[in-house]
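My notes follow in the order I checked them.

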Amino acid sequence: MADQNGQIDLGPPREAMAGVGFPAPPPPIYACTLTPELVAKAREELQEKPEWRLRDVQALRDMILKEHPNLRTRLDDAFLLRFLRARKFDYDRALQLLLNYHGSRKAWPEVFQDLKPSTVKHVLDLGFLTVLPRPDPHGRYILCLRPGKWKPNDYPFVDNIRAIYLTLEKLIQPEETQVNGIVILVDYTGVGLSQASNPGPLLAKKVVGILQDGFPIRIKAVNIVNEPRIFKGIFAIIKPFLKEKMAERYVLHGSDLASLHRVIPQSVLPQEYGGVAGRLDMSAWSRTLLGAEEEFVVEFCQPDPLEGVVMPDSMLFEGEQAGAHGEDSFRHLRSQLYYCY
């Protein structure tokens with residue numbers, strides 16, 4: 001939640017929340033924290049009716065208990081609301097999203113095993129990502145990614161994905177973000193051939209799959225700045241896995257900051273992007289994320305929630321299906337990248 005100055009509200013101190021040990025569980029009775037304006041927005045954009053909200057949550061809870069009784073998942077109102085809002089209160093789609101959310105952990109253990117902020121401190125220290133401290137005029141927080149800060153010999157690329165996922169988990173906690181969504185700003189300054197050719201098509205497919213179909217967040221825009229010539233090759237890897245609606249939300253600005261300012265005002269941007277909100281501060285979000293270590297231990301460092309659960313055929317990840325065709329395509333793309341570079 002943001003305070004009256006628009007700053008990220010980190011909530012009460014952990015000591016106050018938990019006393020000793022892990023943070024307290026969610027309150028047994030849900031209390032809406034949305035402003036009247038956001039209640040109206042949720043009604044219009046997400047088909048969320050306040051008078052039916054808890055009935056809808058109970059309906060989803062009943063579906064989970066009936067159809068997937070062995071699924072070890074949170075069932076509290078606040079958690080299930082994330083999935084209903086992300087799928088505009090369509091029960092079936094919300095349930096599939098929840099299954100995908102848990103299924104991605106089983107399908108990609110190298111990302112989700114022992115997933116907690118302290119394991120990605122090196123990514124945060126490098127400056128690969130941050131969240132700008134003020135939301136845009138639509139109330140959307142801005143996730144800023146700087147892939148040029150990473151070099152393949154620094155650490156495995158999957159560590160960047162772990163840091164992004166933890167950031168999304170933290171961002172989605174406030175109800176405001178569940179309604180408003182987020183904006184992504186990607187600065188490709190410094191990206192060369194070594195970074196561009198590192199994530200293969202299977203990795204790209206998994207990342208896009210999680211963001212589109214495996215996580216309860218609304219990505220409203222992806223703004224790309226300072227992209228090099230080889231970005232066409234990078235985007236060629238990603239685009240086949242993007243849904244049409246998501247692909248349309250990618251905006252390439254190049255070095256034209258005036259173009260960026262037409263969609264993200266200077267008042268919320270740091271000086272590095274022509275804004276007036278001071279220098280880009282990477283440390284504030286790092287402190288926020290690292291300060292949430294205990295809650296992520298509770299959330300992710302537990303037994304497999306899908307153990308003993310039979311998943312439907314429509315699961316998000318169906319294995320290494322890209323096969324030889326995917327690898328052949330990637331080899332062709334890689335040769336194109338060398339040519340562009």
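Entry 1. I started with Asp 187, which sits in strand E3. The model is a predicted one. Is Asp 187 buried or exposed? Its relative accessibility is 9%, and the cut-off for buried is under 20%, so Asp 187 counts as buried.

Entry 2. I listed the neighbours of Asp 187, leaving out residues up to four places away in sequence. Asp 187 touches Leu 145, Arg 146, Pro 147 and Gly 148, and also Val 225, Asn 226 and Tyr 273. With Asn 226 there is a side-chain to side-chain polar contact of 3.0 Å.

Entry 3. Next I followed the strands. E3 (residues 182–187) pairs with E4 in the parallel sense, over six bridges. Ile 184 is opposite Val 222 of E4. E4 also pairs with E5 (residues 250–254), again in the parallel sense, over four bridges. There, Asn 223 has Val 251 of E5 as its bridge partner. How many residues of E4 (residues 219–225) are buried? I found six of its seven.

Entry 4. Last, I looked at helices H3 (residues 53–67) and H4 (residues 77–86). Their axes come within 10 Å and cross at roughly 95°, so H3 and H4 are roughly perpendicular to each other. The contact has seven nonpolar, five charged and no polar residues. On the H3 side I noted residues including Leu 54, Val 57, Leu 60 and Ile 64, which meet an H4 set that includes Leu 80, Leu 81 and Leu 84.

Note on methods: Residues numbered from 1 in each chain as written. Predicted model: local features only at pLDDT ≥ 70, side-chain atom pairs only at ≥ 80, totals over all residues. Heavy atoms only, no water. Axes fitted to C-alpha atoms, helices over the stretch in contact; angles between N-to-C directions. Helix = DSSP H or I, 4+ residues; strand = E, 2+ residues; numbered from the N terminus. Parallel < 35°, antiparallel > 145°, perpendicular 65-115°, else oblique. Contact = heavy atoms within 4.5 Å. Nonpolar A, V, L, I, M, F, W, Y, C, P; charged D, E, K, R; others polar. Buried < 20%, exposed > 50% of the residue type's maximum accessible area, 1.4 Å probe, protein only. Pairing = 2+ DSSP bridges. Polar contact = N/O pair within 3.5 Å; in protein donor to acceptor, adjacent residues only side chain to side chain.
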